[in-house]
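Trainee: Hi! Could you walk me through this one, a bit at a time?
Mentor: Happy to. Let's get it on the screen and then take your questions.

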Amino acid sequence: MKSIFDHVSFECSKLVTKSYSTSFSSAVKMLAPSIREDIYNIYGFVRFADEIVDSFHQYDKELLFELFEQDLEKALHNKISLNPILNSYQHTVNRYEIPKDLIDAFMKSMKQDLYKKEYQTTAEYQEYIYGSADVVGLMCLKVFVNGNEVLYEELKQSAMRLGSAFQKVNFLRDLKADFEDLNRTYFPNTNLNQLDETSKQEIIAEIESDFAAGFVGIQKLPIEAKFGVYTAYIYYKKLLSKLKKTPSLEIKNTRIRVPDYEKAGLLAKCYLNYRLNFI
């Protein structure tokens, strides 16, 4: 039965989310059950695309990505795929009418990771951020507003800024792996071999501005989405706080993280703020 296959597909996307990101999966659990599944479906798709370009070094990544892209197009057109991750994703895309241009922009940025190693201009950097992060925020926003196009347009910029903030925090946290293992430099006009406190603080100030704009949108989200998105926001804000306090040399040589016990405390604080209508 098709319903059984779809259920298996959704469970696969859920498993991908839990396996690759404990923080994000914890935040997704705070969403209303009615939309939780669809956010798993989006994450599973973007995670697999990212894995192809970041992790499968012993394989022909260009070929794998090309095949994945072809299967994606078929899934969206046929409204089914034997790839369970693409099957669950196409279900969410078609259910919420996620625009194809958002998907194309995402795939374009992912494809750039196959060959582009350095972003020298602000324009290049912003285009990559838009495709790799902003559009993911917009995909999720389509789910959150559930057809309310007026609200979607109102929250669009905030969703993009929040997506940018999350991605830039990831860039700063993964500085060592991106630079040493993947030979990538995302931040323009920044020499990572000589990253100093001034350069680091400039990057953090940019991220803090994105977070501020993103929070404005969180406050206006539907009740089904607000607590979950706020939880993710707080997790990433905490990670940014740790990065801000970490010397630039240490950021280049290690990966900063938020321990599980701190995440538990943050979740309790998020719930209290939510119940007291502080957001």
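Trainee: Which residues does Phe106 touch, leaving out those up to four places away in sequence?
Mentor: Keep in mind that this is a predicted model. In it, Phe106 touches Phe45, Val46 and Ala49, and also Gly131, Ser132, Val135, Val136 and Met139.

Trainee: And how many residues does the largest nonpolar core have?
Mentor: That core has 83 residues. Phe106 is among those with the most contacts inside it, along with Ile42, Phe45, Ile103, Met139, Phe144 and Phe211. As background, nonpolar side chains tend to be buried together in soluble globular proteins.

Trainee: Switching topic: is Ala27 buried or exposed?
Mentor: Ala27 counts as buried because its relative accessibility is 3%, and buried means under 20%. You'll find Ala27 in helix α2, residues 22–28.

Trainee: What is Ala27 in contact with, apart from its neighbours within four places in sequence?
Mentor: Its contacts are Gly228, Thr231, Ala232 and Tyr235. Ala27 and Tyr235 are 208 residues apart along the chain, yet their C-alpha atoms are separated by 8.6 Å.

Trainee: OK, helices now. At what angle do α10 and α11 cross?
Mentor: Roughly 165°, with the axes coming within 11 Å. Helix α10 covers residues 197–218 and helix α11 covers residues 223–245. That angle is over 145 degrees, so α10 is roughly antiparallel to α11. Their crossing is left-handed.

Trainee: Which residues meet there?
Mentor: From α10 they include Ile204, Ile207, Phe211 and Phe215, and from α11 they include Val229, Tyr233, Tyr236 and Leu240. By class, the contact of α10 with α11 divides into 11 nonpolar, 1 polar and 6 charged residues.

Trainee: What about α8 and α11, how do they cross?
Mentor: Helix α8, residues 149–173, crosses α11 at roughly 35°, and the axes come within 10 Å. That crossing is left-handed. On the α8 side, the contact is made by Leu162, Phe166, Val169, Asn170, Leu172 and Arg173, while the α11 side includes Ala232 and Leu239. The classes are 11 nonpolar, 1 polar and 1 charged.

Trainee: Last one: how far apart are the axes of α1 and α5?
Mentor: They are 8 Å apart, and the helices pack at an angle of about 100°. Helix α1 spans residues 2–20 and helix α5 spans residues 84–96. The angle lies in the 65 to 115 range, so α1 is roughly perpendicular to α5. Among the residues in contact are Phe5 and Phe10 of α1 and Ile85 and His91 of α5.

Note on methods
Residues are numbered from 1 along each chain as its sequence is written. This is a predicted model: local features need pLDDT of at least 70, side-chain atom pairs count only at pLDDT 80 or more; totals for chains, interfaces and linings use all residues. Side-chain values use heavy atoms; hydrogens and water are left out. Axes are lines fitted to C-alpha atoms, for helices over the stretch in contact, and angles run from 0 to 180 degrees between N-to-C directions. Helices (H or I, at least four residues) and strands (E, at least two) are DSSP runs, numbered from the N terminus. Angles under 35 degrees count as roughly parallel, over 145 as roughly antiparallel, 65 to 115 as roughly perpendicular and the rest as oblique. Contact means heavy atoms within 4.5 Å. A nonpolar core is a set of buried Ala, Val, Leu, Ile, Met, Phe, Trp, Tyr and Cys residues joined through side-chain atoms within 4.5 Å. Buried means under 20% relative accessible area, exposed over 50%, partly exposed in between (1.4 Å probe, protein chains only). A crossing is left-handed if the near helix is turned anticlockwise from the far one by less than a right angle, and right-handed if clockwise. Ala, Val, Leu, Ile, Met, Phe, Trp, Tyr, Cys and Pro count as nonpolar, Asp, Glu, Lys and Arg as charged, and the others, Gly among them, as polar.
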